[in-house]
Structures are given as C-alpha cells and as structure tokens.
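Subject: Structure for your review

Dear colleague,

Please find the structure below, followed by an account of what was found in it. I would be grateful if you would read the account with the model open beside you.

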Amino acid sequence: MQRVVAEYISDLGAEVGYQKFYPQSDQFNPLHFFSLPDPGTLQEKVNCSSFAINVIGIARAPRGDGKEAIVLVTPYNFEDADLLDALSVGLTYSVFSLLTQVTWLAKDIIWLVADSRCGEYSSVAAWLRDYQTPVFGSSSAADSSTCDSSNTFYGLKDSSVIERKITDNFRRAGTMAAALVIKVIDKSEPFEDTLSLYAEASNGQMPNLDLINIVNYLAVHRQGLHVKVQKLTSLINAKWLTVLAQIFEYVGVIARRLNPQWKFGIPAAEYVDGTATLASSLYNQALGVPTGPHGAFRDYQVDAVTLEFSPKVYSMSKGRHKEFLVQGGRLIEGVIRSVNNLLEKFHQSFFLYLLTSPGRFVSVGVYMIPFALLVTPLPIMAASLYTKTNNLDSDAETNDLSIYQKSFTWLNAAKKVLLVHLWGAIVSLLPYAICHLGVSTPAMNLAVWSMLSVLCYLLFCLILGVRSAKSGKAQWAVLKSATLSAVFIGLCLMSVVNFATAEFGALLLVPMCLVIYPLKSDLHAGGLMNFSRMACNLALVLIGFPPAAFILLKGALDGFHSIYVGDFWIWVESLWAWNSATYLYITMIHLPCWLLCLHVLLHTR
Amino acid sequence: MELLRRPIFSLLLLLSLPISFPSISLGSAVQGEDGHREEEFTEELLLKPLPDRKVLAHFHFENTAQRTQSYGRHHHLFPKAISQLVKKFAVREMELSFTQGRWNYESWGGFDPISSSNAKPPGVELWATFDVPPDQVDASWKNLTHSLSGLFCASINFLESSATYSAPEWAFQPASGNLRYGTLPREAVCTENLTPWLKLLPCRDKAGISSLMDRPSIYRGFYHSQRLRLRPAKIIADGADSGIVLEQTLTVVLQPNGFRTKSSHSSENKIPPTWAMSSLLGRKIEGRCVLAKSSNVYLQLERGLVAELNALKENQEFVGTTVLNDDLIENPAFEISVKPDWVLKEVGNLPTGSSSLMYGYSIGKSTDSGPFDLHLTWKSPMVWSCPRPPLHASRFLMGSGNERGAIAISLRSTGLNEGLYGSNKDKESCVLPVNVFQVVPWYIKVYFHTIKVFIDEQRKAVPDVIEKIRVSPSEDKVLPGVMEMVLKLPCGVKSAAMTLEFDKGFLHIDEYPPDANQGFDIPSAIITFPNVEAAMHFNQFSSSDKSPLLSRFREKNPVQSYTEVLLVPLTTPDFSMPYNVITITCTVFALYFGSLLNVLRKRASEEERLLRAKGRSSPLSRLLAKLRRKKEVEPQSSTTSSSLFSSKLVVKIILVAAIAICWQYFG
C-alpha cells in the first residue's frame, strides 16, 4: 500500500522517501515534562514487532531556494483503511499534484502520509523527531542489534523502474513554515459540508491566530463551508445558560435604548454558542493534551492546525465526491498559497488567545484581567491575617522577647507548607513506581496510589513532626496566611505555563482558601452564620479534592451513571503520557494546598 | 619625448579608426598590425536533454584580450568596463554568479564539467584573487564590490563589510592568501542583472546566439545562473604580459512545453517530450554575430543516454531492421531535424564504459538556409540516469528552539565511487578526500570543538577522519566563522555525516533586516572532491580544436558541489517594543512624580495628629501605615475614621465613574 502511494507521488515528479519508526510505549518519565524526550533513550523501549512506515513526498519549488517548506499531513491507516481515509488521501493527493505543476511556489511542499496504525500523533511525532533531531550513529546500531534489521524497505522498492527517486534515506526540505493536517470524517452532516478546526497543542499552546483566520476566512467566504470549532455540547442545552444569555440580551437591548453607541448586547443563541466554544477551548487548553496530530508540530515552533472535513450526507451517498474534492482542494490550495506568499513566518504575538467561535477570540489582555482579580485577594488576605494575628498576640504580652519570638511564628507554618509541598512532589513521582509494580486495573492502581500517598503522609508526620507541640492561639491563621501565599505563587507560576489550567485551578482553590475556617471554632460558636460557613467550607473542600472535582465535572457533563472509579487514574495517566503540565499542577500545587486547607479546617483549639 | 609621442599616437589611432572599423565588422577576429591574435570572441550554445525530461541550455561566450600596449587603453571587442576594473584593482581572477533556483544534483548531474563549474548557490556568489600585496587585498576587494554593484545593478556592495566575506586558503581553491570569497544568498536575480551582463557582449542580444535570450522564456526556467568569469589567458607565446579572458556563461534548465498534455501515469509518460529550440527559448537563431570568431551550437547526449541508445540499437539489430552508425544520428529513439556538421565522441578512461556524444552545428553555414532551429523528436520511451558526484551532499539544521541548534552535513554515496576506486585498489588503503568549506555568519556562534563525524553510522574520532582543518572563529559583528577541512573517507563509504553545534546569538535592534522574522541565512557549504576530476575529452576535430567550450570541458577541475542554503530562525524582538517601552516608562514616571509631589505636599505631622485624634483605623489603613513604617500609637475606640476614609473613597470613585459616564455619553 505504501508502495502504491509512493509510486503515485513519484509519478508526479516529486521526491519520495519512506520512514520507518517504532511506536513508543507510554511510560512515566518524571523528568520529561518540559523537555523533549532524549531520542537515545527512546530507542531502548521500542517494541520491535510492531513498526509503521510513513511515506513522505516532497515537491520542490521550481524557482524557490528551498529554505522553507510547508507540510501537509494525511493520517492514513495502512492496515485497515475505510473510504473516508482514502478520500482524505485522495484530497491531499489532488492538491499535491496541483502543487507539483504550479510555478508560483516559493516554498517546498512536504506531504507526509502518516501511518496511523499506532496513533496519528505518534507517527507525526516520530517523523518530526527524525526531521529535527536525527540521531547519527547510535540509533541504527541499536536498531539493528535489538530488532532484527528487517528488509522492509526492500519489499517496498520497485526494482524494475530505475528512474523513480524512491529511496529510504530521509529527505528534508528546509525550515517548516506551517503545517496542515487534513482529515475527512463522516459526521453525517445533514445540510452543509463542514470543516472542523482543531488547534490546541500540548500544554495549551496554540498556533498563531493568523493561520486559523486564514483557514476560516477562505473556508467561509470563498468555499462556503461551514466552519466549526469544538464545543461543549452539554452546555448548549443547559437551561441556566440560556436564561443568562437572555438576561444579557435584555440588558444589551436596554443599554442600546439608552445610548445607540453601546453595542454590547449579543443575541442569546450566539452567547450560548460562544460560551460553549469558549468552555471547550479553555478545557482543551487546560488539559494540556493536544487535540490532534498538529500538536506534535508545536513542540518545534511550527504553526499547525487540523482541518477535519465532513461532507454532506447525500453528497457522499450519491457519489458526488468530485464536488467535495474541488471544494476542499481549493481551500487547501488557498491556505497553502497564503502561507507560501508570506516572506516572514507568522510572528505577531497572537499565540495567547481563547476561541469563542472560528472567527472570534478572547485575547490575553482581556482574559488575564478576571484571573488577576481572582488571584489578588490572596496576598491581601494573607497579609491582613498575618498582621492581625501578630497584633492579637502582642495585645496579650508586651514582653520584648516574646514579640521577638512571635515574629517567628510564621516559620513553623512555612515549614509545614514546605513539607506538604514536598509530599506533593513525592506523590507526583509515585506513579513511576506503580507502573513498575504491574498492577493491571486502573481502579487498583488508583487505590495503590492513594494508599501509598496516605502512608507517605503519615510517615512525614511521624518523622518530621508536622504537628508541633505548642500550638499558639492563632496558629491556624498563620498557617492559613502561609497557605494563601503558597497558592498565590503556585497559581501565578501556572498561569505562565498554562493559563487555562491556572484559571480552572483558581476557580476551585481561591474560594476554598479564602473561606476556610477551623471547624471546631464554628461548632463552638454555633450561630447561623457560623453554621453556613461550616457547610460552605465542607462543600468547597469536597470540590477542591482533585478526584472529587473530576468525578463531579464528569458527572455534570456526561451524566452520573457512567462513572467508574478507575476513570481518574486513566485520566491522570493520559496527562502524563502527553507530558502535560496539568499533572504537575495537580500534584504539586493543587493537592498540597488542598491538604493545607484541610489542616486548617481540622485545626483543634 | 614620451609626452610628445603619446598624443600623436592617439591622434593616429583616432584617424585610423574609421579605416579599421569596416575590417572589424567584417572579420571574425581582429588581426593586429604585427600579425598575432589580439582579441577574440566566440559564442557557443550547448543543449542537453536531462533525465527528468527537462532541457539544459548552456550559453558560453568567451572574450579574449591580450594585454598589449598597441591600443593603449582601448579595445575592439573586450568590454571596457571590465578591462578598467581589471587594471584598476589588479584582479587576477574573478568569478561572479547570479543564480535563481537550485541545481538538482540528483537528476541533472553533478559529475560533468557543466554541473561542477556552473551549478552555483542561489543568490550572488563572488570570489576574486588580486595581484596586490596581502595588506591591500581587502581594500581592493571593497572597491571591487562597489564597482561590480554599480555595474550589475545588484547589492554586491553588501559584501564590502568584513562580516560577510572570508579568505579561504585551500579548501575552496588553492590560493595564496589573496583570495576573497563572499555570497549573498538572498539576492533576487532578474532581468535588471541580465541586461548589464548582455551589454558586455559585442553583439549584445541583437545578433548571434545571444539573440535567443528571450527574457520570459529564460526566466520561466527551473534554474537560471548567469556567470561572469575572468581568467588570465594561458597561451603566452613569447612570455609577454598575459592577456585576460572574459568568460560569460548563462545556464538555464527549461521545461519543454506540452509536458502535461499526455496522461501522466502510463508508460507514455516515459517518452521524453519533444522540443525545438524555438519552442524552448522562444526564438530562432537568425544568424551569427559577425564579430564572433566561431559560433557553434552543440547537442550533447549523456553517457547514460548513449548507453541506453546502444542497448536499444543492439535489440533492433537483433531483430534485423536497420543497421545504424556509431554516431547514433539515426536511431529508433529520437530524430534530429538538422544533420550535425560534425560528431564528437568522448575519449579517455571512462568509468561507465560508454562515452557521451556531441553533435556540433556551425551557425555560419546555416544562415544561408534561413534561421537555424533544432528539433528533437522523441519516438520511444527512454529512461536514463545522469553522472552523479561520488557523494551526494546535503546539509540541514538540527534541534529546535531559539537557543541552540546544530548544523549537519550529510554525505551519501551515490554508488559511483565503487566504480571509480573499487576495481583498481584494495579497500583498506583507498581514501577519498573531501574538502569542506563553510562560512557561518557571526550571529550563529559555532563551537568548532563539537565536531562529530559519523561514517557509516559509526562515530569516528575526529583525528582519524579529518586530515587537515583550518578554523577561523567568528568575531561579533566583524568576522564570520570560517571552516576549511579535508575529510579522508574510506572509498567504500555508504554515508558520512558531520555535525557542528552552535548557539544563536542576539543582534542589536538596528542590525535586524526588514524581514527579520523569516530567519537568517547560512550560506551554502562547498564540498569538493579533489581527487575526482570533472573533465571530458572529446576526440579531436578541426573546428572543435579551438572551441573554448570544449577546452573548458577538458580542464581538470575537481568535482564541486554546493549544499543548500539554510534558514535559521533567530530570536527576534517585537519591533513594536520601543513604543511599548516608551509608553510604560512614561506611565511609571508619571506615577512616580505624581506620588512624590503628593508626599512632598503633605504635612506628615498634621496627619499623624489627625489619626491620633480619630483613633483606631481599619485594618487596611493600618496595613498602609505599616507599609509607611509608622508605628501606630495606641489605637483607641471609635470607627469613624475608617468610615470617613471609605466614604471619601466611595465619593471619589463615584465622581470618577460619573465623569467617565458623562464622557462616554457626550463624547
């Protein structure tokens, strides 16, 4: 099958190469979060029996200097492919065959037919790894020693035709300017041909907005396609959101009546739609897991986007493929032409944004403001709590020495915060050991993980004596102020790494941290106010616990009947498999802060 | 006496000019009064079908001038601009090339003289050697770049800066310290560069072979390289001052029309497209340039093609249809419209066994029978391969991110070196030397100690592989990094790779070019195979004896190939940053001076007294007080101060909001 594709590409006068790679097994590597995995170490873990072969065609720009290239990616399962897979290859082939003939090309075109038998992402990532960071020497030596140096390529070679430029050496074409991943799926769209855009790469990184704008503009205004981005469908049907949208619409209408220049009213349907899209965009970014093969490109600073075509139902059934090919082909050609004509690559600072619809976005300058407002109470409250406790104590004793001692009360709290965070770091490393234990079911894994965590925590308490003997009157307040500052620092750091995660985290953590108050004191006081605060505290602490939050969110979105305990483990596993910083956030910031809040809540005296 | 004689002499010359003029226009070469050759001009065109169905057209114009005193500063045919340049800057040798597109070493060949000396890197490449003392070489180079820049309407003057040119010593060409080399990979090439180049020809593009240069069809090609080469003339009979030879070549790779008319997946596709000179170049040769000594057109058939034709011929003979000549003019594969005036066959030790053929046409004769046009009609499918260099060189960047990276040069065997060496020598002692010459701009900070060499995927110690190396490290904003090295590879090498790590430097804001976000170029590296010579000897024929093109072919130059130009993305600042900085600075200053004035204006003691009178304050104001490092003394009862404070604040906020609303409403 690869040979057929390669022959077709070669007949167009383009260069063809094969790339063989071994898929990697998902392993927990604690040190690989922000760096690309070292290719040398990856080689040892390959599974020799299964390998995949990518086909790469390169059309050289006739008059270009070959410094830059545009990449087209078509995932294709060579083992069992259906009609739609074939259609996506056909679509890209038609575009590629056009591009081999045109004279306006200034950048080379690389067409990667990615063998998706072991995942679309991994095949593209394997190709990119070979393209950007090839390993000389050691790799193939290890390759031949561990796996038997198979003659896969010889089977592919067509010996009879000499003139074909099919070789197994890796072909390259300059610096990549942009990449498009092209897929065709059947979503049974009833009315129009639609185009779905996927852009989120790992850790919430986005391609330059201009690329999305080009695709959107050309698709809507030139080809009349219906462009979509992902939405949270459960939000669209939510009653409360509809009501909210109607209120907003009403306010907008009133405002316009007051002053015709005030135009902030949005139609209710549009508002609901935008909110659903925004929530999905935020969720995908917060997860830190790429939404498609385009995510692999972002690791190498290449802007990439996945275009998922889904044709009309009747056009597919009535065999009107040609119309679809023309429409999709024109769109891809237009996008390539736009990128090709650019002298510089996309560079203005539109990398930080959230999409609310294919044509609208929320920029960083706007979405940072709510986050900043959410986070600023933390240091203020911490400072006020600290000064208050100091003053309370100084009221009682005016001895100079005791004031001096009091000024160090924070040390104990800080020590505690530090230790709990250390515990969090250890918890984050525990799955590495669990992976080697070889426990099979996710639920068991989760149980082992939580057991070990608790055990670890108890050990900490025993050895280092987290509970200090003489707890002052306002010990909890100092602890709370230390927790608040730790949360503040953690959230600010995370907002730099992945804003969406920090936003979600802030939504959960900030109310909990601000409201938290010892249970005992509330019980002693026993007023209505105290009681409501107690209830509030308990609810927030419950929501703040990561597994609980996960299950609640999942239940709210998918319904509670489908919840399985192991789901959380599976989710966490997917996080570290994709090197998501969200995992680090959960274990090293969220969980310790939650535990500290629990400490405050259960504070005696 | 000297002073007196000179004006008289020039006066005589002036007088004799009208008399000698008709003789110039009639005679092919100008005969001096003392009988020996003075100036010569020849024009030649070589056409060659390429394996990937394209056609190579190589124009070769050569202008020779003996350096004599007979005409003083004047010449008959030799362009004055060039001769002045040569005299003024004491240029011994020079080569200037303008190139668009890339030479495809895999399918257009890399082993024959044309590809080895005419395949150039994209953009402008200039090198020159000077006949001046070593300390004046740089000054001469700078002046030369400026003069050439004016002469060819190109930004060659950017090569003046010492950060752009280098002085290779042995890896590029053997030179004794007075060679300078510089490239501009981003220079765009167009007709504005061709016109001044054509002006140097005696007939311009009005007559002769140069009249074929129809601009649209030339620039429609896949590769376009115009070259100007100055060489000292070698033929010195009486040991006098050697003359100078100006060699102007234009190499174009063209796509014959009608390529896509046939269906593209069947076997018919393998029939190379039929072409004619008029369809290829858009014009016909109307007649020779009368000033030219010789005016020839050649059609070259490559070794691979000749071998295929011979095989085909043997098949045909086996069937017994026709008996063919050795010169293959009549063969079953193609048909030529004009019978060649002579046929040349390659002689010498040939690696592949078959020799290439050259059909020659003299333009002088064909003018009598109308304009000259050559048709090549293919009749049967033909697939052949071209002579490739022993190792195919490619270069690429490794790594990601804006901090560091690596340059890798990979050499892959094309299977030819076994034929070259495998037969006559044993494999252990056989060594294939490869020269690598690479210039790296200063902002790519290459660490030369990180050289790693891999041969056949095995890492080798550097001293084992590198025979000789010369490195001149870059100096910020002054000198580029230059690396010259000789690799000795075993003859049976399958692949070799060399990596060099680098850090990306930072430029000053005004050093960025206007298109900084495209990235920065690393000029092509030059890979030379000193032991492999790209020479073609053709059997002697009376007229070919004097053909400069064929004598160029006969020269024993080492095979040379250029690697790709690389594009390195560097960290670029946001160029709107200065504006942002200005606004932020202004805001900070405004805040600072505002608060300073506020503090200076306030009476601290009075405020304290006020506070004491008002008693305990809110936690926020206490915090503020603490920040001001003032101990609050005895906070007493009454909460009026805090409410007063907050009510004041609220009033202020409401005032500001009201103003804003008014502004919005009425503005």
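This is a predicted model: local features need pLDDT of at least 70, side-chain atom pairs count only at pLDDT 80 or more; totals for chains, interfaces and linings use all residues.

How many aromatic pairs does the count come to over all chains? The count comes to 42, where rings of Phe, Tyr and Trp (its six-membered ring) pair if their centres lie within 6.5 Å, with planes under 30 degrees apart called stacked, over 60 edge-to-face and the rest tilted. One of them is the edge-to-face pair of Tyr298(B) and Trp342(B), with 6.3 Å from centre to centre and 75° between the planes. This pair links distant parts of the chain, since Tyr298(B) is in strand β11 and Trp342(B) in strand β13 (residues 342-347) of chain B, 44 residues apart. Helices (H or I, at least four residues) and strands (E, at least two) are DSSP runs, numbered from the N terminus. Both Tyr298(B) and Trp342(B) are buried; buried means under 20% relative accessible area, exposed over 50%, and partly exposed in between (1.4 Å probe, protein chains only).

A second pair joins Tyr443(B) and Phe520(B): the ring centres are 5.0 Å apart and the planes stand at 65°, so this pair is also edge-to-face. Tyr443(B) lies in the loop between β18 (431-440) and β19 (444-455) of chain B, whereas Phe520(B) lies in strand β24 (residues 520-522), so the pair ties together parts that are 77 residues apart in sequence. Tyr443(B) counts as buried at 16% relative accessibility, and Phe520(B) is buried at 5%.

Residues are numbered from 1 along each chain as its sequence is written, chains are lettered from A and ligands numbered from 1 in the order in which they are written, and side-chain values use heavy atoms, with hydrogens and water left out.

Charged side chains come next. Side chains of opposite charge can pair when their charged atoms come close. Over all chains there are 47 salt bridges, each a side-chain nitrogen of Lys or Arg within 4 Å of a carboxyl oxygen of Asp or Glu. In one of them, Lys183(A) meets Glu120(A) at 3.0 Å, N to O. Lys183(A) belongs to strand β6 (residues 175-184) and Glu120(A) to helix α4 (residues 120-132) of chain A, 63 residues apart. Lys183(A) is buried, at 15% relative accessible area, whereas Glu120(A) is partly exposed, at 27%.

In chain B, Arg186(B) forms a salt bridge with Asp515(B), the closest N and O atoms being 3.2 Å apart. Both partners lie in loops, Arg186(B) between β7 (179-184) and α5 (191-199) and Asp515(B) between β23 (495-504) and β24, 329 residues apart. Arg186(B) counts as partly exposed at 30% relative accessibility, and Asp515(B) as buried at 13%.

Finally, chain A as a whole has 25 helices and 11 strands. Of its 605 residues, 50% count as buried.

Yours sincerely
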